[in-house]
Each structure stands twice: as structure tokens, then as C-alpha cells.
Amino acid sequence: MAGGKTVAAQRDAWICFEDEAGQTLRPPKARTWGRRGHTPQIPVSGKGSGRVSIAGLACYKPGQRPRLIYRTITHRGRKNERRSFGERDYISLLDAAHQQLRGPIVLVWDNLNTHISAAMRQMIAARDWLHVIRLPAYAPDLNPTEQVWSHLKRSIGNLAVRGVDHLLTIIRNRLKRIQYRPDLLDGFLTHTGLTLDDST
């Protein structure tokens with residue numbers, strides 16, 4: 001990661017960590033309060049299907065407020081429906097981030113097949129403002145975006161939703177709350193043990 005900080009400093013660039021997550025209609029389990037001897041239970045309907053996939057960027061630059069930029073895809077269980085982000089979805093997210101951040105980007109992400117495909121490499125090469133660094137295999141603890149997903153899942157724990165559109169609304173609401181909490185985003189970076197200061 002030291003190389004990433006050097007490249008970012010040379011280019012006056014943002015360091016953006018990318019990761020994906022997904023949530024089905026079945027809520028994640030979470031701790032809660034209840035009367036002693038009475039385990040709280042939330043009924044969840046087994047009817048319907050659906051999933052919300054999220055790709056997010058946790059973006060950092062010394063002297064700037066950290067940003068969270070994300071995109072969602074809603075899967076409704078229809079035939080031949082794509083269940084994950086493709087190369088064009090990722091590049092669209094990166095193009096939007098470039099416009100919003102108004103500067104070059106050093107992208108840090110894992111070795112997902114879509115991230116290293118020939119099509120993706122070609123699209124990255126066509127963008128002189130984009131430099132990519134790959135995380136080592138099995139190193140999610142180095143990616144602050146993983147903490148974003150952990151925080152999100154805790155916030156919707158034990159929450160029963162009425163359908164995939166309701167789930168999407170709640171996810172967007174929770175992510176927007178995180179966007180307005182720069183202290184929280186800084187905390188996610190601190191949790192990784194990484195710093196933006198070149199002196200460390």
C-alpha cells in the first residue's frame with residue numbers, strides 16, 4: 001500500500017478502495033434486547049425473491065473529507081437477469097467517482113474475475129486519470145469498504161422487509177447516513193491499520 005500512497009501523492013489523487021456486497025430479503029442476524037427467558041423473534045416471510053447488490057468506493061485524500069460513492073443493482077429473480085456487476089457497471093461507477101471527486105484516482109481492489117478481465121484492463125487503460133493497485137489475495141482486512149458493509153449489515157439486523165424495493169430503500173437510506181459521517185469513514189480506514197500519511 002505504500003506504493004499506492006506514493007502514486008497518489010505524485011498525481012495529487014484520491015485513494016479509492018472498492019468492494020462489493022449483497023443483501024437478500026432474509027435479514028442478517030443481530031443481537032437485540034429482550035425480556036429474560038423470552039427470545040425476541042421477528043417473523044420473516046419466505047415468499048418472494050430478490051437481492052440488492054452494491055458496489056462501493058471508500059475514497060480518501062489528505063486534507064479532504066472522505067467520501068463514500070456507491071451503485072446498486074436490484075435483482076428480482078427474473079429469467080436471464082444478471083446477478084452481479086459487470087465491467088461496464090464498474091467503469092460507470094469509476095467514471096462517476098472521477099467526476100464527483102474532480103481529480104485522478106488510485107483504485108485499490110481485489111482480484112475478482114471481473115476486475116482483471118481483458119475488457120476491464122482495456123477500459124482502465126483508456127483512462128489516464130486512473131491507476132489500479134490490487135490487494136493481496138485474502139486481505140479483506142486491508143479494505144475499509146469491508147467495514148462499510150459490516151456497519152450496514154449491523155444496522156439492518158433483524159429487520160423484516162416487505163419486498164426487494166423496501167430493502168433497496170432501506171439500504172440507500174443507511175448508506176446515505178454513512179456518507180454524511182466523515183468521522184465514521186475515517187474510522188473504517190483506521191480499522192485497517194492503514195494511514196494516508198507518507199511519514200509512517
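This is a predicted model: local features need pLDDT of at least 70, side-chain atom pairs count only at pLDDT 80 or more; totals for chains, interfaces and linings use all residues.
How many residues does helix α2 have, and how far does it reach from its first C-alpha to its last?

1. Helix α2. This helix covers residues 87-101, so to speak, with 15 residues in total. From the first C-alpha to the last, α2 reaches 21 Å, close to the 21 Å expected at 1.5 Å a residue. Have a look at its side chains too: Y90, I91, L93, L94, A96, A97 and L101 are buried in α2.

2. What comes after α2. The helix is followed by R102, whose phi is positive, near 55°. R102 is not a glycine, yet it has that positive phi. You'll find R102 in the loop between α2 and β4 (105-109). Is R102 buried or exposed? R102 is exposed, with a relative accessible area of 78%.

3. Another one to look at: Y138. This residue has a positive phi of about 55° and is not a glycine either. Y138 sits in the loop between β5 (130-134) and α5 (144-155). With a relative accessible area of 82%, Y138 counts as exposed.

4. The largest nonpolar core. This core has 34 residues, and I54, V148, L175 and I178 touch the most other members. Which elements give two or more residues to it? They are α1 (2-11), β1 (14-24), β2 (51-60), β3 (67-75), β4, α5, α6 (164-179) and α7 (182-192). Of these, α6 gives the most to the core, with 7 residues.

5. A closer look at L175. Leaving out residues up to four places away in sequence, L175 touches I54, L68, Y70, V148, W149 and L152. Two of the names in that list, I54 and V148, come up again among the residues that touch the most other members of the largest core.

6. Cysteines. How many disulfides does a search of the whole structure find? The search comes back with 0. As for burial, C16 is buried, at a relative accessible area of 0%. C59 is buried as well, with 0% relative accessibility.

Notes
Residues are numbered from 1 along each chain as its sequence is written. Side-chain values use heavy atoms; hydrogens and water are left out. Helices (H or I, at least four residues) and strands (E, at least two) are DSSP runs, numbered from the N terminus. The expected span of a helix is 1.5 Å times one less than its number of residues. Buried means under 20% relative accessible area, exposed over 50%, partly exposed in between (1.4 Å probe, protein chains only). A disulfide is a pair of cysteine sulfur atoms within 2.5 Å. A nonpolar core is a set of buried Ala, Val, Leu, Ile, Met, Phe, Trp, Tyr and Cys residues joined through side-chain atoms within 4.5 Å. Contact means heavy atoms within 4.5 Å.
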